[in-house]
Amino acid sequence: MQVFRGIPERAEHGCVLTIGNFDGVHRGHQALLAKLSAKALATGLPAAVLTFEPHPREYFAHENRPRRLTSLREKIQLLEAHGVDRLYIARFNDRFAGLTAEAFIEDVLIHGLGTRHLLIGDDFRFGKGRTGNFEMLRTVGQEVGFTVEAMHTVDHEGERVSSSAVRAALAEGDMPHAARLLGRPYSISGRVLHGDKIGRTIGFPTANIQLKHRSPPLMGIYTVSVDGLADTPWPGVASVGVRPTINDAGRPSLEVHLFDWHTECYDAHLRVNFLRKQRDEARYDSLDALTAQIARDADEARAYFAQNPL
């Protein structure tokens, strides 16, 4: 997959295009991408995605911005896995937000990306003041030579699939529900960093996973599997939170205790798959009390894997 930062001034080739934030790349996104790839194959054109950084809701909402389900790196990997040939990442700033609907169509869709077929949600709105809509795109497309197709909402087991529904499932600790909406367990990927190494002093060494520019959409203690260490997923127990017993910095961290793993893994890039929530994070009166609780958490996760082998 080719990744482009920004929109070219003039497209060298045409494409089949879809537009969206694709946060989480859930089952609804996957259905859209499958349709995009099929159209691209039928026309002999590349399947292209236009997405935004930051998320437009982050730009407009600021303090009330949604918690991201995926980092940009994770989103790129997922889009590539679902058949996207070209990814255009537009910087969503004052200039981009100020584009009129007409300018967006002319400068971005026609000249910049060479759109030949556009696949979008039927409720897609765009341009300054959200004045552009599906009908405008279809009308202009008929005039200048690109076609427009609506993608309707995807339901799974009677529920509308959306990034908001995934966030709600994660906030409730319902990991099986989140996995059904995503088509896979929810995961966080990141590089293993050096931490304060308190875990190894109490008998539970942890891999500290970088949370890059992220307020995680879930908090607590989880049964997890980890990809990137071995040829098969590795079992463990993870904590996502601010570690109130250890410090009061208030910055979220992701720490994973890997069962029976005895090799250093600093700088490795791992994916942590959240299989089951065990409990909420809590503050303990002493390090001994915390250690005893971690032992119980580890025992509970091991019992889960005894019944559900990886």
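**Exercises on aromatic pairs**

Searching the whole structure gives 12 aromatic pairs. Rings of Phe, Tyr and Trp (its six-membered ring) pair if their centres lie within 6.5 Å; planes under 30 degrees apart count as stacked, over 60 as edge-to-face and the rest as tilted. The model is predicted: local features need pLDDT of at least 70, side-chain atom pairs count only at pLDDT 80 or more, and totals for chains, interfaces and linings use all residues. Residues are numbered from 1 along each chain as its sequence is written, and side-chain values use heavy atoms, with hydrogens and water left out.

**Exercise 1.** Describe the pair of F92 and F96.

Step 1. The ring centres are 5.6 Å apart.
Step 2. The planes make an angle of 50°, and the pair is tilted.
Step 3. F92 and F96 are both buried (under 20% relative accessible area; exposed is over 50%, partly exposed in between; 1.4 Å probe, protein chains only).

**Exercise 2.** Describe the pair of F104 and F126, and locate both residues.

Step 1. This pair is also tilted, with 5.3 Å centre to centre and 40° between the planes.
Step 2. F104 belongs to helix α5 (residues 101–112), while F126 is in the loop between β5 (115–121) and α6 (134–144). Helices (H or I, at least four residues) and strands (E, at least two) are DSSP runs, numbered from the N terminus.
Step 3. The two residues are 22 residues apart, and the pair links distant parts of the chain.
Step 4. F104 counts as buried because its relative accessibility is 4%. F126 has a relative accessible area of 4%, so F126 is buried.

**Exercise 3.** Name the aromatic cluster that includes F92 and F104.

Solution. The cluster consists of F52, F92, F96, F104, F124 and F126.
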